[in-house]
Amino acid sequence: QVQLVESGGGLVRAGGSLRLSCSASGRTDDYAMAWFRQAPGKEREFVALQGRNPGLTFYRDSVKGRFTISRDNSNYMLYLKMDSLKFEDTAVYFCAAGRYSTSSKTYDYWGQGTQVTVSS
């Protein structure tokens, strides 16, 4: 069982940056790690993922070149650096651990989410 806790969300102006963190209660190096987000009235959507091999990363098209996912397995941490934020990035962001996939159904463990609000 792995417990995940996100932090680092907040209110930022368009064009600004934030770094989200996800702290795990135990080892996550056996899992792919991902970030998802959910905006009000919308379904949860994939944002970025990193495989057990740190070289394996994948992003949704709308965040490519702006967001960077990284992980520190020695400290059980996952990060999402978000630059050039846009209003449409506003959502609750969740970290997840599971199988390498863009589908939320393949992730077994989830955090409670952290709110990111981008003002236009």
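A disulfide is a pair of cysteine sulfur atoms within 2.5 Å. By this rule, the count here comes to one disulfide. The structure is a predicted model: local features need pLDDT of at least 70, side-chain atom pairs count only at pLDDT 80 or more, and totals for chains, interfaces and linings use all residues. Residues are numbered from 1 along each chain as its sequence is written, and side-chain values use heavy atoms, with hydrogens and water left out.

**Overall fold**

- The protein chain has zero helices and eleven strands. Helices (H or I, at least four residues) and strands (E, at least two) are DSSP runs, numbered from the N terminus.
- Along the sequence, the pattern reads β-β-β-β-β-β-β-β-β-β-β.
- The radius of gyration of the protein chain is 13 Å, close to the 14 Å that the globule rule gives for 120 residues, so the chain is as compact as a globular protein of that length. The radius is taken over C-alpha atoms, and the globule rule is 2.2 Å times the number of residues to the power 0.38.
- The C-alpha trace spans about 40 × 25 × 25 Å along its principal axes.

**Burial, contacts and surface**

- Of the 120 residues in the protein chain, 46% are buried. Buried means under 20% relative accessible area, exposed means over 50%, and partly exposed lies in between (1.4 Å probe, protein chains only).
- Take the contacts between residues at least 6 apart in sequence: 56% of them join residues at least 24 apart. Contact means heavy atoms within 4.5 Å.
- The accessible surface of the protein chain comes to about 6300 Å². Carbon and sulfur atoms hold 47% of that surface. Accessible areas come from the Shrake-Rupley method with a 1.4 Å probe; for residues, only the protein chains shown count as cover.

**Charge**

- The protein chain carries 15 positive and 11 negative side chains. Lys and Arg count as positive, Asp and Glu as negative; His and the chain ends are not counted.
- The centres of the two sets lie 2 Å apart. Each charge is placed at NZ of Lys, CZ of Arg, CG of Asp or CD of Glu.

**The disulfide**

- A disulfide is a covalent bond between the sulfur atoms of two cysteines.
- Here the bond joins Cys22 to Cys95, with 2.0 Å from S to S.
- The pair links distant parts of the chain, 73 residues apart. Cys22 sits in strand β3 (residues 18-24), and Cys95 sits in strand β9 (residues 91-98).
- The link of Cys22 and Cys95 is right-handed, with 50° about the S-S bond.
- Cys22 counts as buried because its relative accessibility is 1%. Cys95 has 0%, so Cys95 counts as buried.

- Ala48 belongs to strand β5 (residues 45-50). Its relative accessible area is 0%, so Ala48 is buried.
- Ala48 and Trp35 are 13 residues apart along the chain, and 5.3 Å separates their C-alpha atoms.
- Neighbours within four places in sequence aside, Ala48 is in contact with Met33, Ala34, Trp35, Phe58, Tyr59, Ile69 and Leu80.
- Ile69 belongs to strand β7 (residues 67-72). At 4% relative accessibility, Ile69 counts as buried.
- Ile69 and Met33 are 36 residues apart along the chain, with 9.2 Å between their C-alpha atoms.
- Not counting residues up to four places away in sequence, Ile69 touches a list of residues including Met33, Ala34, Trp35, Ala48 and Leu80.

**A partly exposed strand residue: Arg19**

- Arg19 is placed in strand β3. Its relative accessibility is 46%, so Arg19 counts as partly exposed.
- Residues up to four places away in sequence aside, Arg19 touches Ser7, Gly8, Tyr79, Leu80 and Lys81.
- Arg19 and Thr68 are 49 residues apart in sequence and 9.3 Å apart in space, C-alpha to C-alpha.

**Positive phi in the loops**

- Tyr76 is not a glycine, although its phi is positive, at about 55°. Tyr76 lies in the loop between β7 and β8 (77-82). At 31% relative accessibility, Tyr76 counts as partly exposed.
- Ser84 is not a glycine either, and its phi is positive at about 50°. Ser84 lies in the loop between β8 and β9. With a relative accessible area of 42%, Ser84 is partly exposed.
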